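Here is a short report on one protein structure. Look at the sequence and the 3D view first, then read on.

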2 protein chains.
Amino acid sequence: MEPVQRVALGEAPADTVVRGGRVVQVLSGAVERRDVAVVDGTIAAQFEDATPVVGPETTVVDATGGVVVPGFVDAHAHMDHDQTLERTAPHVLAGGTTTLIEELTFTGANFGARAVAEFLALDDELPLDVRPTVPPQELFEAFEPAHADGEGRAALIDCLEDDRVVGAGETGWIYVVGRDSGAGDLYRAVRERGKRVVGHGAGASGRKLAAFATVATIDHEVIAGDEVLERLENGIHVVGRFGTTRDDIDAVVDAYERVGPAGISLGTDGVSPGLLLEEGYMDAVLREAIDRGVDPVDAVRMGTVHTAEHFGLDRKGVLAPGYDADLVVLDDLETVDVDTVLAGGEMVVTDGTPDVGPWSHDYPVSFYDSIHLTPDPAVFEVEAGAAVDGEVRAIRYERELATAETTVEPAVGNGHLHARPDANVAKATIVDRHPDGEGRGFTGFVEGFGIEHGAVATSLSVERTGVVVLGTDEGAMETALRRVKEMGGGWVTVDGDGVDVAFPTPVAGVCTEVETVREAADRYEAVEASVRSLGVDIDRPLFGLQCLCHPGVPAIRLTFSGYADILGREVLGLSPEE
Amino acid sequence: MEPVQRVALGEAPADTVVRGGRVVQVLSGAVERRDVAVVDGTIAAQFEDATPVVGPETTVVDATGGVVVPGFVDAHAHMDHDQTLERTAPHVLAGGTTTLIEELTFTGANFGARAVAEFLALDDELPLDVRPTVPPQELFEAFEPAHADGEGRAALIDCLEDDRVVGAGETGWIYVVGRDSGAGDLYRAVRERGKRVVGHGAGASGRKLAAFATVATIDHEVIAGDEVLERLENGIHVVGRFGTTRDDIDAVVDAYERVGPAGISLGTDGVSPGLLLEEGYMDAVLREAIDRGVDPVDAVRMGTVHTAEHFGLDRKGVLAPGYDADLVVLDDLETVDVDTVLAGGEMVVTDGTPDVGPWSHDYPVSFYDSIHLTPDPAVFEVEAGAAVDGEVRAIRYERELATAETTVEPAVGNGHLHARPDANVAKATIVDRHPDGEGRGFTGFVEGFGIEHGAVATSLSVERTGVVVLGTDEGAMETALRRVKEMGGGWVTVDGDGVDVAFPTPVAGVCTEVETVREAADRYEAVEASVRSLGVDIDRPLFGLQCLCHPGVPAIRLTFSGYADILGREVLGLSPEE
């Protein structure tokens, strides 16, 4: 007889018993006084009194006065940038989170299937369960040729053979609606295996959303209650997010109050080191949802079993016999104060503090060699002839990451166009860092960032293999780009005296290896302070810069061969007349 | 671009448009005026007005005044006995049912993996989607040696490689709780593949139910609201059933009123030809649920998406883009009057009447040769020495299929024990018809069936490979058994004049091939009338007889080597002292 059954029958001692708490039964919705017995990393059973399975070797966790819930499942994690997961994992666990549906947007754009392999290795090495999606970015060709060839496509599809890979990752609707997508084979392979396609449906509605629903099964881009309902009616599971990218809890609460919790999950969509320290992880998401009106039991359902069911994690999300022993003791259900966390039966958090990690992980050498470009001053130059009546096409930064197409009048000198800080016009450059990128690059103009002098560069460009540089003078921009390359990726600011702050993110060019989240947060704060000191005055200066090339948010972005007109799905040049 | 997307975008004509109805949105719970467009067997999208996708070749279904719901999914079907599925399928479809989670308890006990193959072939041939579970009966060894050897076990496990096989089938808790089961490898293989184990948890509660939950994921044996809740709290999905076996709708309604619809599905647990004509199929189940207090939208959810989600049928149960075009138009949502059914986009029911079928299916020759026994008069004989003080152990038929252990005083003659109709004591025999059964058989006594003369025999024994014979005299019993063998299976009654009714079920020994459900129902009615004419006076005489060997219902049953003490899991002899 399997040990789990012997314990369930009360005939053998458990490894661990969580005693005295009230348990949230996510299927029935009841909250009941129960002891929970764990053996071999698995929930054996709940007991009204687990005394029969407490042996001399049994670890007893006193949950008296607390509430016991399943480990939270982040329905949309982005823990593949800023800082490596082996470093942030203790904080993720301390946020009551034991499973990540992990997007590989940053590492995957650059390393494709090799990124999946590393995150599956992390799943093996960390007590956290990592359930990655296959990153499709190498296959996208809406604005530039796809990076992956047939072999690369096959390698991505092959990732689906691993049971832990739950589908294909974040897919902007603009890549797949109304056109054949280079990722079509991947999506078909996903659905044939009964796995899931994660959408990015920002701004899609009506016929476009219906067309998107033929591809995507889940979407986290809901900024209003009506958007939640429209997705549900198109068969799309919804993730309400609260994290670095956005706070959409109000949208979810609005929909929840109208139709209840079915079809809705919760997720972070990425949490920066600073926010991780300040707010927490999934505990913060649930706390916000409850604060704003979601019944606590429903919030737990949205943060556990709903996501597990959508992604077919059939041993997760419920505290029942045979399920993984991922379990959280909260001091209080309403405030989601995490006291104790068991992950796969292992005690990983006590009194709200991680008992384990941070860890190390051996990335392949190639992960430290990801900035394949030769800084060339010419890339930052724009010939005066590009202007028509002195005007060029430009990106106007609006708010909340949105941009609009505009025209600006750059300064002219030496037969070239330059930034005009007095008119809030800067230069923005993207240079491809992919080995196949052949140093492609484009320099355009942006209005509204507020930068007054110097430059800032980052290799953490969203969904693209580029290094993005914003600046007012070409020399500073070149210095910043050169330093990013030297560091193997990262953030660099340059002011009148040269490099001001340089923060390396050498792992895949997108993650720092600093050991503590505190240090990463401090380093980020320093970068942000430096960027502000250059005059940048938008709301979220770093993310705004990272998104300058992000095709997931309208209307106009940088791409390697010009401006990407996101909704028109074409590449535009500098001339306003083209 | 895939056709489904072109139609979703409103840019290409649909094959079929269902216009003018109100659509039940099972994820949001809304009921809204929508047209539904179908192409290539798939839902393309819902439209407020589908005019743009109605072309000259488009079939338009007028649903004005009606309600459009997803095709029903029977969460626990038993359509592998009584009559072949290719004959009953038109009525199943007319009951709004487009998908069966199909148990193979009858065909599978005798044909194992070969039964799965036939039902997958039926899935190919019929517009109905058949999603079988692997029948574990060949592996059970609680009372008798398992029929399957290593090769047979491997063949069963191999069935799981087909995506349409959703798990392993009905598994009595007595086989797996508190002991190692011969089917353990099968269940582990099921769970490794993320598939489901269908339980049969009749009477399990407390520690036993928790232990059962380490194996089973879903259970349809709930006869009270508290049993529903206890299953949910053990992570077991619940099926509320209404069919030939039982009516448990009150249990489900009781639980539903306390905790809502989550975790609950609806199913039939088998519908006889007579009930199929009289009540319908899943339409009847939903109708009963709504009649007794389930909100109609919740009833639809329980009859569609809940089941699809549990079994990972990720393209079923929702009327959304990319889902299978399984769709029902109801004249009225409250009464669940089926008007039109589309199955995989094909129109199969119009004005409540099937447009298609019945079909034929070529079963292998072996399916017509399944009664492997040589009728031997000795099997019906019981030596007088078996009694102690004139008494022998016996089965007392109580009610609702339940039995209790008792002792009776049989008649004595010629050194043998005989039935005593005056004391409501009959003989009951089971003879193995499996090719490996070597003619094993056992004759015991039953009290309470009411039989006064003659005999009745059937090869439709529940979960066992036996022919069951009930009678008051050994000659009649032998005649009945002999005739069952001659027919290749079926029902036979014998009265004073010899065979009264003989109804062959030659397909696997458990299904008639008569073409119409009407004829099958009439034939069954004739069998039942004949059985009644013998004096049998229990509630459901045929099912009661079939269950005389059914290990899924306590307390004492026939097995090939004695009485099966179901809860004690041992085989008992005739002597009350053993």
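Asp295(A) counts as partly exposed, because its relative accessibility is 36%. Buried means under 20% relative accessible area, exposed means over 50%, and partly exposed lies in between (1.4 Å probe, protein chains only). Accessible areas come from the Shrake-Rupley method with a 1.4 Å probe, and for residues only the protein chains shown count as cover. Asp295(A) sits in the loop between α11 (282–291) and α12 (296–302) of chain A. Helices (H or I, at least four residues) and strands (E, at least two) are DSSP runs, numbered from the N terminus.

This is a predicted model: local features need pLDDT of at least 70, side-chain atom pairs count only at pLDDT 80 or more, and totals for chains, interfaces and linings use all residues. Residues are numbered from 1 along each chain as its sequence is written, chains are lettered from A and ligands numbered from 1 in the order in which they are written, and side-chain values use heavy atoms, with hydrogens and water left out.

**A charged patch**

Asp295(A) belongs to a patch of negative charge on the surface. Patches are made of residues with over 30% relative accessible area and no salt bridge; like charges are joined within 9 Å, and nonpolar side chains (Val, Leu, Ile, Met, Phe, Trp, Tyr) within 5 Å. Lys and Arg count as positive and Asp and Glu as negative, while His and the chain ends are not counted. The place of a charge is taken as NZ of Lys, CZ of Arg, CG of Asp or CD of Glu.

**Chain A as a whole**

Chain A has 16 helices and 35 strands. Its radius of gyration is 24 Å, close to the 25 Å that the globule rule gives for 578 residues, so chain A is as compact as a globular protein of that length. The radius is taken over C-alpha atoms, and the rule is 2.2 Å times the number of residues to the power 0.38. Along its principal axes, the C-alpha trace of chain A spans about 85 × 50 × 45 Å. Of the 578 residues of chain A, 67% count as buried.

**Salt bridges**

Side chains of opposite charge can pair when their charged atoms come close. A salt bridge is a side-chain nitrogen of Lys or Arg within 4 Å of a carboxyl oxygen of Asp or Glu. How many does the structure hold over all chains? The count is 81. Three of these salt bridges are listed here.

| Pair | Closest N and O atoms |
|---|---|
| Arg33(A) and Asp35(A) | 3.2 Å |
| Asp247(B) and Arg292(B) | 2.7 Å |
| Asp250(B) and Arg292(B) | 2.9 Å |

Take the pair in chain A. Arg33(A) is partly exposed, with a relative accessible area of 38%. Asp35(A) is buried, at 1%.

Now turn to chain B. Asp247(B) forms a salt bridge with Arg292(B). Asp247(B) lies in the loop between β15 (237–241) and α9, and Arg292(B) in the loop between α11 (282–291) and α12 (296–302), so the pair ties together parts that are 45 residues apart in sequence. Asp247(B) is partly exposed at 36%. Arg292(B) is partly exposed too, at 23%.

Arg292(B) also pairs with Asp250(B). Asp250(B) lies in helix α9 of chain B, so this bridge ties together parts that are 42 residues apart in sequence. In chain A, salt bridges that share partners build one network, with Asp123(A), Arg131(A), Arg164(A) and Lys316(A) among its members.

Most residues other than glycine have a negative phi, and most peptide bonds are trans. Where is a cis peptide bond found in chain A? One joins Gly357(A) and Pro358(A), with omega about -5°. Pro358(A) is in the loop between β20 (353–354) and β21 (382–383). In chain B, the bond from Pro554(B) to Ala555(B) is cis, with omega near 5°.

Val336(A) has a positive phi of about 55° although it is not a glycine. Val336(A) lies in the loop between β17 (327–332) and β18 (337–343), and is buried at 1%. Ala508(B) has a positive phi of about 60°. Ala508(B) is in the loop between β31 (498–504) and β32 (511–512). Ala508(B) is buried, with a relative accessible area of 0%.
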